Amino acid sequence: DKGTRTFNGDFQLFLDEIKNNKPNNKPKTQIIVFLKNNKLEKEAYTLNIGKDIVIEASTEQGAFYALQTFKQLAFADQLYKTDITDSPAQNWRGNMIDVARHFRSIDYLKRHIKLMAYYKMNKLHLHLSDDQGFRIEIKAYPKLTSISGKTSVYNDPAGFYTQAQMKELVKFASTYHIDIIPEIDMPAHTRAITHAYPEFACDEDETTSYSGTRVLKTKLCLQKMDSVQPFLSQVFNEISQVFDSKYVHIGADEVLLKKGFESQETAQLTSLYQNLITQLNKQGKTVIAWEEILNFDLQGDYIAQVWNNKTSVIQQAKTKQVPVILSVCQHAYFD
């Protein structure tokens, strides 16, 4: 319940991000005392800076966030006598990196995770597939990465992550109290899939590689559900085994229905989404999908991620009693 640790010199454990900026600022020996306070919420903490530094928290996560505040104060030369009581206003503090269009290395992602932790963010949403590339190894379908791991927007650097690499990154992120949420976008935003496996496209659809930025009209062929459904089931089964997050993102945005077949394709989409929700729920996962998922009558544990700024979408979610993640693009998207 109580522990003390003494730090000398440059506070290597907690000040590694700033020591190079302040090479001559060597703190004096100081004691940091950790006290367990079960009255505090999971992510809450108190930080008292006096003769010594006293941190109270009910969890390691709360203590970790207290240390981030301590680092920020040290960086700004604000280590004066002070009392701080802090807890998050939102329990979901996330951001997304689109590695499908612009691939990023594992080292890049690790640096990003460290920066997220510094600002007490806790959810990293990895957009792993889109029209322009497919970034995660699926052992049952190796061409997803051997072919579509080599494509990207405007021939920018491409690549993919092995399952072993991603498992290691998930473990790394957990030490910073960050949950990595994988997204495999489907049934639209799937040119990288049909480029690698044309049999999942409708016969009349284009399957060449794509390096532009506009949203394509093509999608996984809903008239081939007998093959498309088992394919997606296997993909998400492997994804669930790689990522230990409670959440799996299935995309489901910007699906353009075929003219004259709207009713038929809506029924096919309902079946597709329901099957994935049921499958992932059985594996202990909560499904996340973009806001268009609210247009379907579905059962099970799922969340709508809202990217539009329409009050009607929020009302739709409220009526269906579906939880919402707000990521409104007019405010939060970076180019």
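**Figure 1. Met186 and its contacts in the predicted model.** Leaving out residues up to four places away in sequence, Met186 touches Leu220, Leu232, Phe236, Ile250, Gly251, Ala252, Leu272, Tyr273 and Leu276; contact means heavy atoms within 4.5 Å. Met186 sits in strand β8, where helices (H or I, at least four residues) and strands (E, at least two) are DSSP runs numbered from the N terminus. Met186 counts as buried because its relative accessibility is 0%; buried means under 20% relative accessible area, exposed over 50%, and partly exposed in between (1.4 Å probe, protein chains only). Glu199 lies 13 residues from Met186 along the chain, and their C-alpha atoms are 15 Å apart. This is a predicted model, in which local features need pLDDT of at least 70, side-chain atom pairs count only at pLDDT 80 or more, and totals for chains, interfaces and linings use all residues. Residues are numbered from 1 along each chain as its sequence is written, and side-chain values use heavy atoms, with hydrogens and water left out.

**Figure 2. Helix α7 and the elements it packs against.** α7 has 18 residues and spans 25 Å from its first C-alpha to its last, close to the expected 26 Å (1.5 Å times one less than its number of residues). Its buried residues are Met225, Val228, Gln229, Phe231, Leu232, Val235, Phe236, Glu238, Ile239, Ser240 and Val242. They pack against α4 (143-146), α5 (163-174), β8 (179-186), α6 (191-196), β9 (247-251) and α8 (262-282).

**Figure 3. Leu144 in the largest nonpolar core.** A nonpolar core is a set of buried Ala, Val, Leu, Ile, Met, Phe, Trp, Tyr and Cys residues joined through side-chain atoms within 4.5 Å. The largest one holds 81 residues, and Leu144 and Tyr273 touch the most other members. Helix α7 (residues 225-242) gives the most to this core, with eight residues. Beyond its neighbours within four places in sequence, Leu144 contacts Phe134, Ile138, Gly149, Ile193, Ala196, Tyr197, Phe231 and Val235.

**Figure 4. A second, separate core.** This core has five residues, among them Tyr247, Ile288, Ile303 and Ile325. If you zoom out, you will find 10 helices and 12 strands in the protein, and 50% of its 335 residues are buried. The C-alpha atoms fill a box of roughly 75 × 45 × 35 Å, taken along the principal axes. Of the contacts between residues at least 6 apart in sequence, 63% join residues at least 24 apart.
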